[in-house]
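Dear colleague,

Please find below the structure that I am handing over to you. The findings follow directly after it, and I would ask you to read them with the model open.

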Amino acid sequence: MLIETHPPAIQELYSAIRKLKQEKDAVVLAHYYMSPELQLTEKDGGIADFIGDSLGLSVEATKVKAKHIIFCGVKFMAETAKVLNPDKQVLIPDKEAGCSLASSITAEDVLELKRKHPGVPVIAYVNTYAETKAECDICCTSRNALAIARSFDSDTLIFIPDVYMGQNLQQKIEAETGKKLILWHGTCEVHEQFTGLSMEMMKKANPDAEVLLHWEVPKETVATSFCEAKGVLGSTNDILRYVGESHAKKFILASECDLGATLKGMYPDKEFITPCFKCPYMKKITLQNTLATLQAIGTPDAAKYDISIPEEIMHKAYIPIKRMLDFA
Ligand code: SF4
């Protein structure tokens, strides 16, 4: 179990949410970056039906039988769930739950990149809005980005929008295949805060720790982190798996702070050190607004939470998302 005890107010919210989920035929999908109280499945006394990373949640969204999906994550993720499940009502507890990467690029920017580099395939990280995805060839998550990039015959690829993830991928892919990536200049405002200096200081204070780095951290941070230290650079899933397989007892985590709660829940005998940078967008989702979303289902208030995407964009965005899922 992720959290041992909950104050009575949280228990009351849990009960109210669970009751309404049943009454309204809804499921709750929650991302690993949610606050710990949202990262607890019903089975463990919480409210989520499934907790996962972007790819896990996309796959899970395709299996939902319930009429309504409450998406406890950020808006681009809820959009992906809607594209994959056009017949379901997908609701997000706060439509302001954005993402600095997704908002860094528009569909028009992609068209301009394609005009500048005709014929070059475009890989879109899932951290983009549906309108942007609609202009791309294939989507990827941090879990399958490398494999998808490798799979193209072309020796040049456009990768959007994360410049740091792109640089980290470029380093691996160029060494292996000589392929070049044309990058956009988006950044994740959480992961870019992990500097080489901050990693060096944490490593100095914890010389026995291994390092856990998400693809979205800057390239220089990766170089500093792996200097005289073991660890992993990869997706959220790679990080979770690495900790399970490692014999180390202490880890320095360079990713969203609440992934530390997930890790602690999964591996209670291990220690995780992090400066605790939280994603302000993910934290817009709370138990209170999740309850309000459920209460709104079937009333005019539901429009406040409802994810609706124009039909044409839905169809166009489905193609690169489906290609990604077929690849996984
Ligand atoms: S952690 Fe970064 S990439 Fe993820 S939603 Fe927040 S800003 Fe976007």
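Ala302 is partly exposed, because 16 other C-beta atoms lie within 10 Å of its own, whereas a buried residue would need 20 or more and an exposed one 12 or fewer. Please bear in mind that this is a predicted model. Ala302 is found in the loop between H12 and helix H13 (311-327). If its neighbours within four places in sequence are left aside, Ala302 is in contact with Leu91, Ala296 and Ile297. Pro7 stands 295 residues from Ala302 along the chain, and the C-alpha atoms of the two are separated by 29 Å.

**The protein as a whole**

The protein contains 13 helices and 12 strands. Its C-alpha trace spans about 55 × 50 × 25 Å along the principal axes. How does the radius of gyration of the protein agree with that of a compact globule? For 328 residues, a compact globule would have a value near 20 Å, and the protein has 20 Å, so the two agree. Of the 328 residues, 45% count as buried. Among contacts between residues at least 6 apart in sequence, 66% join residues at least 24 apart.

**A parallel sheet of four strands**

An open sheet is formed by 4 strands in the order S2-S1-S3-S4, with parallel pairing. Its edge strands are strand S2 (50-52) and strand S4 (89-91), each of which pairs on one side only. On average, neighbouring strands of this sheet are turned by 20° against each other, direction ignored.

The pairings can be followed across the sheet in order:

- Strand S1 (residues 26-31) pairs with S2 in the parallel sense over 3 bridges; the bridge partner of Ala30 in S2 is Ile51.
- S1 is joined to S3 by 5 bridges, and these strands also run parallel; Leu29 stands opposite Phe71 in S3.
- S3 pairs with S4 over 3 bridges, again in the parallel sense; here Ile69 stands opposite Val90 in S4.

Which residues of S3 point one way, and which the other way? His68, Ile70 and Cys72 point one way, while Ile69 and Phe71 point the other way. In a regular strand the side chains alternate between the two faces of the sheet. In S3 the residues pointing either way are all buried, which gives 5 of 5 buried residues for this strand. Helix H12 (residues 287-296) lies across S1, strand S3 (68-72) and S4, and runs at about 165° to S3.

Strand S7 (residues 156-160) is joined to S8 by 4 bridges, and the two run parallel. Within this pair, Thr156 stands opposite Lys180 in S8. Strand S8 (residues 180-183) has a covered face, made up of Leu181 and Leu183, and an uncovered face with Lys180 and Ile182.

**The surroundings of the ligand**

How many residues surround the ligand? There are 13, and the closest are Cys99, Ser100, Cys188, Val190 and Cys279. The shell around the ligand divides into 9 nonpolar, 2 polar and 2 charged residues.

Yours sincerely,
A colleague

How values were computed: Residues are numbered from 1 along each chain as its sequence is written. This is a predicted model: local features need pLDDT of at least 70, side-chain atom pairs count only at pLDDT 80 or more; totals for chains, interfaces and linings use all residues. The radius of gyration is taken over C-alpha atoms; the globule rule is 2.2 Å times the number of residues to the power 0.38. Two residues are in contact if their C-beta atoms, placed from the backbone, lie within 7 Å. Two strands pair if DSSP finds at least two bridges between them. Axes are lines fitted to C-alpha atoms, for helices over the stretch in contact, and angles run from 0 to 180 degrees between N-to-C directions. A residue is near a molecule or strand if its C-beta atom, placed from the backbone, lies within 6 Å of it. Ala, Val, Leu, Ile, Met, Phe, Trp, Tyr, Cys and Pro count as nonpolar, Asp, Glu, Lys and Arg as charged, and the others, Gly among them, as polar.
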